[in-house]
Amino acid sequence: MTTTAIWQERDREHHLHPFTDARALNAAGVRVITKADGVYLWDSEGNRLLDGMAGLWCVQIGYGRRELARVAAAQMEELPYYNTFFQTATPPAIDLAAKLGELTPAGLGHVFFANSGSEANDTIAKMVRRYWNLRGRPEKKTIVSRHYVYHGVTMAAASLSGLAPMHTQFDLPLPGFVHIDAPYWYRHGGDRDPEDFGRAAARALETKIAELGAETIGAFIGEPVMGAGGVIVPPKSYWPEIQRICREHDILLIADEVICGFGRTGPWFGCETYDIHPDFMTIAKGLSSGYLPVSGVMVHDRVAELLIAEGGELAHGFTYSGHPVACAVALENLRILVYEGIVDRAGAETGPYFQARLAALADHPLVGEVRGVGMVAGIELVEDKAARRSFDEGRKVGATCRDHSLANGLVMRAVRDVMVLSPPLVIGRAEIDELIAAVARALDLTARDLGITP
Ligand SMILES: Cc1ncc(COP(=O)(O)O)c(C=O)c1O
């Protein structure tokens, strides 16, 4: 039998992990996850973990749904692969395209399939260029993004991202990608009223336009709520103002729904939560609940019609665009999310319960702010609550809290010192209670380590 030690040794010798300090991991030894069911994972040592992150913000439906396995097996037997390049398609790709046309906000009637959120955002960066070339405005190409945000790792997606190491390690961003400040009231809002701050944060786009000239700016990209940047929830005033500015300057609007989509913020899409009307929408993760890799770019009809009528052959696509097995699994996932009312229940009942229970943790001496919407939340840990002052980065307070959480059976992630939660949408009230107790315990143990009395 393969033991944990053997796996760790093989992993150390042969496996390079994403977003991981390899030397530190090799010293510690990897944790091997071997099975999962519902909202729980098990590791190779038999420890059970409550997955407060739904994998990487993606397993909306929970683990162990055999219907998805059966659909995948049946599709593999019938037609395991065919492409969508040369005037061909497969039934699952066609049916999923039609289903997404129904399910996503009005006007987003076309989809281009890819395999990851990064590829989908890369595709959008290229479509923006193609669109403005076709409109006879080849100078209108720059895409404005925000600091803190994560849009993926390919060259264009990493350029869109606003996290410093993703740029410095690879000499990015590429030309044509610029960043403005994020609507991060808790960290940057000072004494300002959150709604005033939200409007001002949006007007940073106007300032950037004035600096570069509207004739050079092709698009603005934003996640409705920033996930991996530390669950940054914008003030209500933010998105209306961003949309006003985009409309006034003829700038395309891209909503990255890789995390927010498929019920994470309550309604089916973050665009519905914030009344956003984008030209492009990025979808991935919850589209298949992570059971197989599949992503898509939803394209508004007003853009798609130009690409179709005047674009000729689109010189872009992936071998696995519209992969039949991935599309069949996505369709079954969507069927279950709708049929079992999973998104509706999380939006109306369990999401609000999750937020209410978390809000009570705001009294803890380490907690500066609890923020969230639907089934995603961030708990920002600070040294001085009144002054909203962070701990020194070197103290690694977030990582300490994450380690206590893991040791006590809960997967919770640390982004800087923001503790991040995004559980499967199927999580029930009793499991939420268990999650909250584990978070509270991790906070207490972290406070104890810091010499603070909870
Ligand atoms: C908002 C957002 N966009 C894009 C991506 C990239 O997706 P992927 O890892 O599938 O390439 C992520 C991944 O977490 C994300 O959170």
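Visitor: Which residues are linked in a network of salt bridges?
Guide: The network joins Arg 203, Glu 206, Glu 241, Arg 244 and Glu 248, where a salt bridge is a side-chain nitrogen of Lys or Arg within 4 Å of a carboxyl oxygen of Asp or Glu. This is a predicted model, in which local features need pLDDT of at least 70 and side-chain atom pairs count only at pLDDT 80 or more, while totals for chains, interfaces and linings use all residues. Residues are numbered from 1 along each chain as its sequence is written, and side-chain values use heavy atoms, with hydrogens and water left out.

Visitor: What makes the pair Glu 241 and Arg 203 a salt bridge?
Guide: Their side chains meet at 2.7 Å, N to O, and because the limit is 4 Å the pair qualifies. The two partners come from distant parts of the chain, 38 residues apart, with Glu 241 in helix α11 (residues 238–248) and Arg 203 in helix α10 (residues 194–212); helices (H or I, at least four residues) and strands (E, at least two) are DSSP runs, numbered from the N terminus.

Visitor: Why is Glu 241 placed in its accessibility class, and why is Arg 203 placed in its own?
Guide: Buried means under 20% relative accessible area, exposed over 50% and partly exposed in between (1.4 Å probe, protein chains only). Glu 241, at 9%, therefore counts as buried, whereas Arg 203, at 38%, counts as partly exposed.

Visitor: Is Arg 264 buried or exposed, and what is the nearest side chain of opposite charge?
Guide: Arg 264, found in the loop between β8 (252–256) and α12 (270–273), is buried yet has no salt bridge, since the nearest side chain of opposite charge, Asp 51, is 8.8 Å away. Lys and Arg count as positive and Asp and Glu as negative, while His and the chain ends are not counted.

Visitor: With which side chain does Arg 264 make a polar contact, and which backbone oxygen does it reach?
Guide: The side chain of Arg 264 makes a polar contact with that of Gln 60 at 3.0 Å and reaches the backbone oxygen of Pro 423 at 2.6 Å. A polar contact is a pair of N or O atoms within 3.5 Å; within protein, one must be able to donate a hydrogen and the other to accept it, and residues adjacent in sequence count only if both atoms are side-chain atoms.

Visitor: Why is β8 called largely enclosed?
Guide: Five of the five residues of β8 are buried, so the strand is largely enclosed by the rest of the structure. Leu 252, Ile 254 and Asp 256 lie on one side, with Leu 253 and Ala 255 on the other.
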